[in-house]
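Hello,

Here is the structure I promised to pass on. Please have a look, and my notes follow below.

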Amino acid sequence: MFKLIVRASILALASSALGGQLAIPATAATCVTIQPPVGSPFVDCSPGDAFNILPAGNNGLTTAAEAGAAANGTAPHEADQLAMYLNLKKVAPNMQASALGSYYKHAGFSVAASDVGQVQTFAAPHSGTYIIWDKSFGVPHIYGVTRADTEFGVGYAAAHDRLFMMDALRHVGRSRLAQFIGPSQSAIDEDCSIAQVAGYSDSELTYQADLIPQRYTTPYGTTTEGQQVHDDGTAYVSGINAYIADAIADPANKMPVEYAALPAAQQLPRQWTASDVVAVATIVQSIFAVGGGGEVESWLLYKSLAQTFGAKKGLAIWQDLRRQNDPLAPTTLQQSFPYMSGANSTQTNLPGVADVLASPGSGRDYVCHQQAAPSGVSSVAPQPRIQVNLPELVPGRMPLSNALLVDAAHGAGGHPAAVFGPQVAYFAPAILHEEDVHGPGIDARGASFPGTDSYVELGRGIDYAWSATSASSDLIDKRVEVLCNPQSGQPIPAGQPDTNYYLFGGRCLAMYERTDTETALTSGAAPAPPQVITFHIERTIHGPVIGRTSALYNGQQVRVAISYQRSTWFDELGSAPAFLEWNDPNVTHDSSSFLRAAAKETGTFNWHYIDSHDIAYYSSGLMPQRPSNENPNFPSWGTGPYDWNGFAKVTCNLTTLPGPDNWGATTTGATTNACGYTAAWLPHDGLSTDPHPHAVNPPQGFLVQWNNKPAPDWSAADSNFGFGSVYRVMSLQDRLQASMARGPVSSADLINDMEDAGSVDLQGYRLIDPFLNVLGTGLTPQESAVAQLLRNWWGNGLGAHRRAPSGTSYQYVEPLYADGNAVAVMDKLYPNLVSAIFNPWFGDQSSSSSIYANVFALEPLYDPAQYKGQGSAYDGSAGGWESYVNTVLRQALNPKIADAYSQGYCGNLVACRKNMKSALDQTIAQLTTAYGSANPNDWTCSRSNDTSKGQCNPKVEDIKFSAVGAQSISDIAWINRPTFQQVVQFPASRLSSG
C-alpha cells in the first residue's frame, strides 16, 4: 500500500473537497498522495526533487489584445523560462544546490492554492474534466474522472497553448504549409522536405489512424493497446475541436492572432481529425527518429577514391573515413551488441551492390517544383504581420540531445540522479508543450510535440522518469530500382527515355504516381509574390522515389530510380504503445517494465530511465536484418533478391480522389495498393536477450549519451561517418567521471557537468593536445606565443570554452569570450589543419569535383547549425572531421595506436611536424590580416569585431528562436544543451514508502 503522508487538495477554490493546500512532507524519503479537484487520488514520489525547464515559455497563445506584448517578448508565460535557461551558463560549473530553483522550475504533480491561475471546467458530457494553468509558469494541469474526460482535457489544453503551432505542423506533415501561411521560402522548403520522405494523401493518413487497433493487439485492461490509443486519440481530438469552437465563438480572447495574417481562406482553423495527429507524427518519425539512407553518397565516395588510388587502396581509405566500428569511439554501454557488422560490410563486389554511376541529384528538386503564380492571383497581403520561420527539417540531421545518469551506488543519498532532455532547436513558441496529466491510467508530467501530445512523450511518472536522445541507427536504405519497358519487360538502356515502371520479382511494375499542387498566396506571414508549388509523388514497393540516374546492371548501363525505404514507412504512430505504457503507473513500475515498453518504440532513439533504485537504457528502432549478399553501406538493387529478410508489402486499397483536397490544394489522385511493409525485424522485446543495446545499472555506474554510438559493434548507420575517436559526449563523460571520483554525485553536480560541457569547443578540446605534441619545439617566438595561448585555453583537457569571462554582466548575449584570442586562433586553425593533412589526398576543399565534395556530402566539415543559431555550434558535426584530424596526429606520434588508419595521411612525425607548422603559420598570417596586427593579444573575440574582415565575434553563434507566429524572443548566448531538460531524483517509490 501507499503510505499516506498527506491527503490534501491541490486547490483552495471553494468548499468541501477543494479546501486545502498541499503540505510538504516532513521526511524526504516518502511519497505523498494528492486529491485532485476531480477524479481519484494519485501519488507523487518526488514532490521536491523533480525539476525541468522549457525555454522560452509554455504559453503559445497570443490574442489580438496581446499582440504588442508578444512582439516584445512580454506576454504572460511567453518568455518566463528564458532567463533561467540562459543564466545557468553564467554560473556553471559552480552552481550551488541551493540555487537549483533559480535555473529550473519545480515539476511536481501538485499545484499550491496560491499558484492556481486560469481554471477551465466543462459542461456535460465532459463535466468530469478540470484544467488549471498555474500562475508560476502557465503549465496546464489536467484532471479527469474518466479516461475520456482526461484526454479531452489534454486536447483542449494543447489547443489553448499551441493551436497555431499545431495547425502549422499538421500542414507541414501534409506538405501544405505554404498553402496555409503563404509563399515563405522556409515554408516551401518544409513542404518539400516532407514530400520527399512521406508525401501521404489524406486517405493514407486516415488509414494509418484507423489501422491502430488492428496493428497493436497487446491486451490492455479490458481492451487492447491499439484500441486504447485509438480511443484516447478520439477524445484528444474532441478536446482540440472544443477549443477551436470556443475560439471561433470568442475570437477576442481565444483565437490566436496569427490567423488574421493568413490568406483569406485560412483565417479560421479547420476541425481537427485523427489524420492530423498522424500528419504531425510523420514529422517526428521521418525527421527525428531516423538514421541511414546515405548508401548512394557512400558508394560515390568509394568510387571516387578507387578511381584515384586504385580499388584496394581506395577501399582502405573509404574504411578509414567510414569508421563503422572505430575501436576508440565512445559508447554509452561497454557491452558488445553486434549489428550490421558482418564481413559483407566491407565488400564491394557482392551481387546486391548496385553500381550507381552518378548522383541522382537533389531529392527536393526531383519531387518539388515552384514557380510564380499566374497573373491575376491575388498578391494583396492582410494587414497584420507575423513570422513563420521554421528551419528546414533534414532527416537524421537533428541529433543534439543529451543525458547524464548515475546509479544508486554513486548518487547522493543512495538514490540515482539524472539530468536529461531532447534538443529540438529553438522556437517561439516552443515546439514542445508541457502538460501535467492525471486520470484513470495516466499520471505523468512532461513535454510532447503539440498535435501528438495525447500522452506525455518525455517526462516523469509518479516514481520514475524517462527521456530520449536521437540514436540515428540504420533503419533507412536507398534502393536502386531498375526502370523497365512495360511492353518488353526489359531494362531501359542509359540514354533512352525513362519510364515509370520498375523491375521487381521478375515483373515490370507500374510506380504509384500522384501530383499535388498548392498555391501559396501573399499574406502577412509571407509578403512575397504568390507561388505555385507542385509535388510529384512517385513510389515503388520500397517507398518514395527521390531521384533518377544511371547504373551498371548485368554489364549494361541502364536507367534507374532511387527509392527511400524506411522501416517505419506507413506506421507513423508506431511509438504510441510505448508512450501509452510510460504514462500508466499500473504498467510502468520498474526498470524491467520500462524496457519492455521501450522495445515497442519503432523510431531510432536512445531511451533513458530513472527511479529510486535503478537507471536503465534502451536503444530502440524497427531495425531491418539485411541479407549477406548485399553491403549495408552501399546502395542495393530493388529487384527483390536483396530485400530485407522477411520483406513483404502490406496490401491495401485506398483511393485519393482527383480534384481539390481538404486543404485548398489540388491533386491528380491515385490508388494506393501498398501501405508499407513487414519484415523479420531485429528482435525487440526488452528482455535480457534482446539484441538491441540495453542495460540496467551498467557496471560503470553511470549512463552518458550525446547522440553517440550506443555500444561496441553496434554499427554506425551508413550515413554516419562521425563515430570516431572524438565525439562531443567525451566532454560530458570526462566531467561526470571527475564528479564520481570526488564522491556521491548530486543533481547539482550533474547540472554543472552538463552545462560546463555545453560551452566546450570540441576542436579545441580534442585537437590542441595532439597538435601541440606534433608541433614540438623549435618554434619562432610568435609561433610559441600562439601555441601557449592554445595550451592555456585547453587547460589540461577541461577548458577550451566559448563563454564570457567569469563575472561578466550581460542580459542575453555575451559581449566577448574569455581567452578570445585562443578562440580566434582555433577558428582559423581547424580548417587549416584539415587542409594541411588531407589536401594532398582529396584535392581542393572548394571544388565541387574534388573528393572532398563526396566526403562533405556525408560528413560536413562544420555543423550547419553553427551559422543558423540552432544551438550546436562549434562541435563540428559532433566528431567526424575532429576524429580524422585527432587520429592522424596521434598516429604521427605513434604509428601503432589501436585505431591507426591504413595510410599515414600526414606523413611521418618529421613530415607531419612540418605540415602542422605550415598550418600554424597560415593561421597567424590570416589573423594578422584580419585584425591588422601581428600581436596575438589583439586577436579578440568580441561582439564589436568586424566579421566581414574575418574577426571572431560571438554573435555568429547566438541562439535564435525561430518565430512561428506573433511571438518574438531575444537571441541568447550560445550553449550546446537540450531544449527541454529534466532534473530528477526519486528519494522514494511505491515499493519503499509503504
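A question to start with: which residue in E35 is the bridge partner of tyrosine 617? It is alanine 695. Before going further, this is a predicted model, so local features need pLDDT of at least 70 and side-chain atom pairs count only at pLDDT 80 or more, while totals for chains, interfaces and linings use all residues. Residues are numbered from 1 along each chain as its sequence is written, and side-chain values use heavy atoms, with hydrogens and water left out.

**The sheet**

That bridge belongs to the antiparallel pairing of strand E29 (residues 615–619) with E35, which runs over three bridges. (Strands are DSSP runs of E of at least two residues and helices are runs of H or I of at least four, numbered from the N terminus; two strands pair if DSSP finds at least two bridges between them.) Both strands sit in an open sheet of 10 strands with mixed pairing, in the order E6-E7-E8-E17-E18-E19-E20-E28-E29-E35. Its edges are strand E6 (116–121) and strand E35 (694–696), each pairing on one side only.

**Aromatic pairs**

The whole structure holds 46 aromatic pairs, meaning Phe, Tyr or Trp rings (for Trp, the six-membered one) with centres within 6.5 Å; planes under 30 degrees apart are stacked, over 60 edge-to-face and the rest tilted. Tryptophan 318 and phenylalanine 634 make a tilted pair, 4.9 Å centre to centre with 45 degrees between the planes. Tryptophan 318 is in helix H11 (residues 311–322) and phenylalanine 634 in the loop between E29 and strand E30 (636–637), so the pair ties together parts 316 residues apart in sequence. Both residues are buried (under 20% relative accessible area with a 1.4 Å probe, protein chains only; exposed is over 50% and partly exposed lies in between). Ring pairs also link a cluster that includes Phe838, Phe842 and Trp881.

**The cores**

Those three residues turn up again in the largest nonpolar core, of 159 residues, among those with the most contacts inside it. (A nonpolar core is a set of buried Ala, Val, Leu, Ile, Met, Phe, Trp, Tyr and Cys residues joined through side-chain atoms within 4.5 Å.) Helix H19 (residues 820–842) gives the most to this core, with 13 residues. A second, separate core of 129 residues includes Phe122, Val367, Ala447 and Ala679. Back in the largest core, Met916 is also among the residues with the most contacts. Leaving aside neighbours within four places in sequence, methionine 916 is in contact (heavy atoms within 4.5 Å) with residues including Phe771, Leu833 and Cys906.

Best wishes
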